[in-house]
Amino acid sequence: KPRTKYVGNRLKHRLDQRVRTLLSDIGNAGDTLGVEVFVVGGFVRDLMLEQPIEDVDVVVEGDGIAFASYFASLHHCRLHQHRKFNTAVIIFEDGLKVDVASARLEYYATPAALPVVENSSIKMDLARRDFTINTLAISLNTETFGTLIDYFGGVRDVKDKIVRIIHNLSFIEDPTRIFRAIKFSNRFGFRIGKVTANLIKNALNVGAVKNLSGLRVLSELKQIFGEENPLPAVQTMADYGLDKVIHHDLKLTDTTCALFESVGKTLAWHDLLYADDVYPRWAVYFMAWLHGYPFAVSIQIADRLMFPVKEKERLIEQRIKSEHRIRLIEKSYPVSTQQIYWWLIHFKTECLLFMLALTKNESVRKAISHFYTHQRKIKPLIGGKDLKSVGIKPGPVYTTILNKIIDEKLDGKLNTMEEEIKFAKHYAFENKLI
Ligand code: CTP
């Protein structure tokens, strides 16, 4: 029997009207179809932890797909079905998503073959999950709305701030859970339980992570590097020797730790000023993690992690180019605005942020952030068509002229199309192009 607790008030106070209505609509649909419905997992965990809530995960005791299609047609939502897994996603017009899973009614034949025994399916569904803090469910049907159901001591572990697995084979069954344990303990400031920590070590000793596909490790690493402050998680990974399992040359040094801190400050600066400018946050930390490793080793790591070709190019080659470029700028400083522009314009946001984190030279940092805030978006107002219309013959000279216009604009000149055209004509005339 589970422990139960009424958390209806918490739902009322912690959720906005939109989500509250959604939950009771889900409960009503469950009532109509005669199935039990629960909101589960991360949603309940984050509710109990007073963390911002993102996904709504629902488990239906019965046919989740039938439930989701009924709900979607009733509320005019889109529906994605995954028949193979008996799951569906309900998508509202504004993009809000509800994941629906079926708690399979599992029937066990008794030795005498008949009759079959039905198991409490929500319990079975929760028992398959990774950590106790992820096994909480809240009933949504009208009569029991707001009842928190705790089969595995999740409420106690949330209170005690502890990440604990439910059964001893958890990490062997799914070694990605080792990374997940570290991710959650870092995100919430929880410790990893003693038994759980020992089971992580055992799983590593028997080669569980070594046998894990690169894709799965990469996906976990991206999540860890995408967290607010991944440094403690990276340190925990090193304590368990996880980095060594990924590549024997990987070693967390003080320099890397200091760089992670610097990346943290840089990203905080950036995100405060440019909330709308999205970039893969994990990529900056990933570059920091691999900082200083030679090309060959970096490629081996990327291959072990089964990086898609494009990402591999971006993260390995671009990282090494960024490292070289920042050293060049430091060495050449002071340099002209134009030089900074042409040295940086082809780097993506994540590389620029990585360079900002790398340099310890305050003037260089200022020059790069000035480029980022004021110059990166500078472009000529005129284009090839305009050059053609004033009689300049198309060819590589177009790029030359447009780049010269950028150089002028970087000095605050040529603010209108007319001025740019005048400049282009003058340049063409001087160089005998017209
Ligand atoms: N789960 C699991 N084992 C995994 C991955 C997931 O048991 N290797 C379970 C967890 O119990 C989790 C649920 O599946 O509650 C959904 O996982 P996920 O989508 O990763 O969501 P969250 O736990 O909410 O994680 P996050 O907050 O990082 O999104």
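Predicted model: local features only at pLDDT ≥ 70, side-chain atom pairs only at ≥ 80, totals over all residues.
## Domain layout

The protein chain is split into four stretches: domain 1 (3-160), domain 2 (178-246), domain 3 (253-377) and domain 4 (384-430). Between the C-alpha centres of domain 1 and domain 4 the separation is 62 Å.

## Ligand site

There are 14 residues around the ligand, and those that come nearest are Arg 45, Asp 130, Asp 174, Arg 180 and Arg 187. Asp 130 places a polar side-chain atom 2.8 Å from an oxygen atom of the ligand. Arg 177 has a side-chain N or O atom 3.0 Å from an oxygen atom of the ligand.

On its own the ligand has 570 Å² of accessible area, and the protein covers 70% of that.

Asn 134 sits in the loop between α5 (121-127) and β9 (137-139). Its relative accessibility is 5%, so Asn 134 counts as buried, the cut-off being under 20%.

The side chain of Asn 134 makes a polar contact of 2.8 Å with the side chain of Arg 45, one of the residues that come nearest to the ligand. Leaving aside residues up to four places away in sequence, Asn 134 touches Gly 41, Arg 45, Arg 129, Arg 180 and Phe 184. Arg 180 is also among the residues that come nearest to the ligand.

## Leu 23 in helix α2

Helix α2 spans residues 17-33 and contains Leu 23. With a relative accessible area of 1%, Leu 23 is buried. Its contacts, not counting residues up to four places away in sequence, are Leu 11, Leu 15, Val 39, Phe 43, Val 56, Leu 140 and Phe 145.

Leu 23 and Phe 38 are 15 residues apart along the chain, and their C-alpha atoms are separated by 9.1 Å.

Helix α15 (residues 295-304) has as its buried residues Val 297, Ser 298, Ile 301 and Ala 302. Viewed down the axis of α15, these residues fall within an arc of 140°, so they line one face of the helix. An α-helix has 3.6 residues a turn, so residues three or four places apart point the same way. The buried residues of α15 pack against α12 (242-246) and α16 (309-332). After α15 comes Met 306, which has a positive phi, near 50°.

Arg 319 belongs to helix α16. At 0% relative accessibility, Arg 319 is counted as buried. The side chain of Arg 319 is joined to that of Ser 298 by a polar contact of 3.1 Å, and Ser 298 is one of the buried residues of α15. Residues up to four places away in sequence aside, Arg 319 touches Met 287, Leu 290, His 291, Gly 292, Tyr 293, Ser 298, Arg 314 and Phe 354.

## Helix α17

In helix α17 (residues 337-344), the buried residues are Gln 338, Ile 340, Tyr 341, Trp 343 and Leu 344. These buried residues pack against α16, α18 (349-358), α19 (362-375) and α21 (397-410).

Technical notes
Residues numbered from 1 in each chain as written. Heavy atoms only, no water. Helix = DSSP H or I, 4+ residues; strand = E, 2+ residues; numbered from the N terminus. Buried < 20%, exposed > 50% of the residue type's maximum accessible area, 1.4 Å probe, protein only. Contact = heavy atoms within 4.5 Å. Arc of directions from axis to C-beta. Near = heavy atom within 4 Å. Polar contact = N/O pair within 3.5 Å; in protein donor to acceptor, adjacent residues only side chain to side chain. Areas by Shrake-Rupley, 256 points an atom, 1.4 Å probe, with all protein chains shown as cover. Domains from an automatic or database assignment.
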